[in-house]
Amino acid sequence: MEKKVRIGVIGCGGIANGKHMPAEKRNPASEMVAFCDIIEERAVKAREDYGKPTDAVYTDYRELLKDKSIDAVLVLTPNCAHCEITVAALNAGKHVLCEKPMAMNYAEAKKMLEARDKSGKILTIGYQNRFRSDAIYLKQRADEGMFGDIYYAEAIAIRRRAVPTWGVFIDQEKQGGGPLIDIGTHALDLTLFMMNNYEPAYCVGKTFHKLNKQTNTGNIWGDWDTERFTAEDSAFGFVVMKNGAVIYLKSSWALNMADPHEAITTICGDKAGADMLDGVRINTILGGKQVMIKPELGEGAVAFFEGSGGGAPEDLESVCFTNAILGKGNLYVTADQAAVVTRILEGIYESEKTGKPYYFD
């Protein structure tokens with residue numbers, strides 16, 4: 001029987017149940033063997049739903065990391081714990097898939113990179129939107145040079161009224177921010193990936209707390225607790241890259257905008273452009289005329305990730321991780337790329353604090 005990757009799950013909350021554990025269960029190369037959560041009942045429930053009665057349950061991740069039979073861990077905790085647990089796991093000889101964002105700030109991200117390099121283990125970050133069929137198709141075209149030099153892009157993560165009211169999402173201290181670090185991070189990751197540009201020069205940012213103290217909100221998950229909602233409700237940034245390219249990043253959980261779009265990108269190059277506003281749309285010139293191309297995307301667009309238990313982005317993310325551990329392929333999301341995303345997000349927040357541009361070097 002082919003070897004399976006033995007996985008320990010650290011953090012058995014919403015993202016674990018909604019994304020990672022179902023995907024690992026469908027991955028034929030993965031076996032979840034330990035479950036950890038500071039709330040023991042959640043770890044026990046995770047074992048019942050996704051493991052075996054003999055699998056271990058922990059409330060302290062340090063105890064889980066002592067198990068030498070565990071090959072890899074999923075770090076699925078609030079943002080404030082990503083760095084600490086990831087570094088400890090790497091130092092314990094475990095491969096790590098850490099949920100996005102990589103860290104609260106760039107200093108933490110660098111600690112994670114250093115631990116990865118020292119341990120020689122694999123570290124990837126949960127940017128599963130890269131595994132969507134539209135994103136894979138657009139990346140393939142970008143790498144082929146279809147768009148030429150991409151010099152303008154928009155990273156879009158706009159919700160009209162979709163503030164996550166559970167867990168610690170709206171807690172500035174535990175999460176490091178609101179929609180910018182939560183969903184804006186996905187849009188920025190997609191955009192940098194399409195541009196293949198990870199060298200920011202400076203940025204200007206602005207965050208807003210305009211709606212987070214309102215009541216009767218029309219929020220799709222019910223009214224939020226105005227006392228707990230300490231993170232921003234929207235945030236915007238303008239990033240200038242070292243080669244002169246620019247990115248306009250816009251994110252919100254609550255914004256009076258009638259046409260929301262989440263985790264998408266628009267790119268404009270000197271040969272052609274593309275967006276994800278209505279499926280993938282490629283705009284170019286053909287025969288001296290403006291044309292719009294709309295490819296029909298199906299499951300075939302993601303066939304190069306073979307062996308997955310399903311075609312959903314989280315399934316492909318899981319298989320990519322286990323394939324890399326088993327020596328069957330390369331990571332699609334590198335920690336070095338994710339660290340740049342964190343660095344830019346931090347720059348936008350710092351620009352808001354100072355009222356000035358933030359320079360990266």
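Predicted model: local features only at pLDDT ≥ 70, side-chain atom pairs only at ≥ 80, totals over all residues.
**The parallel sheet**

Six strands make up an open sheet with parallel pairing, and their order is E3-E2-E1-E4-E5-E6. Strand E3 (56-58) and strand E6 (123-126) are the edge strands, each pairing on one side only. On average, neighbouring strands of this sheet are turned by 25° against each other, direction ignored.

Phenylalanine 35 has valine 57 in E3 as its bridge partner.

Helix H9 (residues 313-325) lies across several strands: strand E1 (5-10), E2, strand E4 (72-75), strand E5 (95-99) and E6. Helix H9 runs at about 160° to E5.

**Serine 30**

Serine 30 is part of strand E2. Its relative accessibility is 6%, so serine 30 counts as buried, the cut-off being under 20%. The side chain of serine 30 makes a polar contact of 2.6 Å with the side chain of glutamate 24. With neighbours within four places in sequence left aside, the contacts of serine 30 are Lys4, Val5, Ile7, Glu24 and Thr322.

**Cysteines**

There are zero disulfides in the structure. Cysteine 98 is in no disulfide, and the nearest cysteine sulfur, that of cysteine 83, is 9.0 Å away. A disulfide would need the two sulfur atoms within 2.5 Å. Cysteine 98 counts as buried because its relative accessibility is 0%. Cysteine 203 also counts as buried, at 0% relative accessibility.

The table lists the accessibility values for the residues discussed.

| Residue | Relative accessibility | Class |
|---|---|---|
| Serine 30 | 6% | buried |
| Cysteine 98 | 0% | buried |
| Cysteine 203 | 0% | buried |

**The pairings of strand E8**

Strand E8 (residues 200-208) and strand E9 (residues 234-241) run antiparallel and are joined by eight bridges. Phenylalanine 208 has serine 234 in E9 as its bridge partner. E8 also pairs with strand E15 (residues 358-359), in the antiparallel sense and over two bridges. Here tyrosine 202 stands opposite tyrosine 359 in E15.

Note on methods: Residues numbered from 1 in each chain as written. Heavy atoms only, no water. Pairing = 2+ DSSP bridges. Helix = DSSP H or I, 4+ residues; strand = E, 2+ residues; numbered from the N terminus. Axes fitted to C-alpha atoms, helices over the stretch in contact; angles between N-to-C directions. Contact = heavy atoms within 4.5 Å. Buried < 20%, exposed > 50% of the residue type's maximum accessible area, 1.4 Å probe, protein only. Polar contact = N/O pair within 3.5 Å; in protein donor to acceptor, adjacent residues only side chain to side chain.
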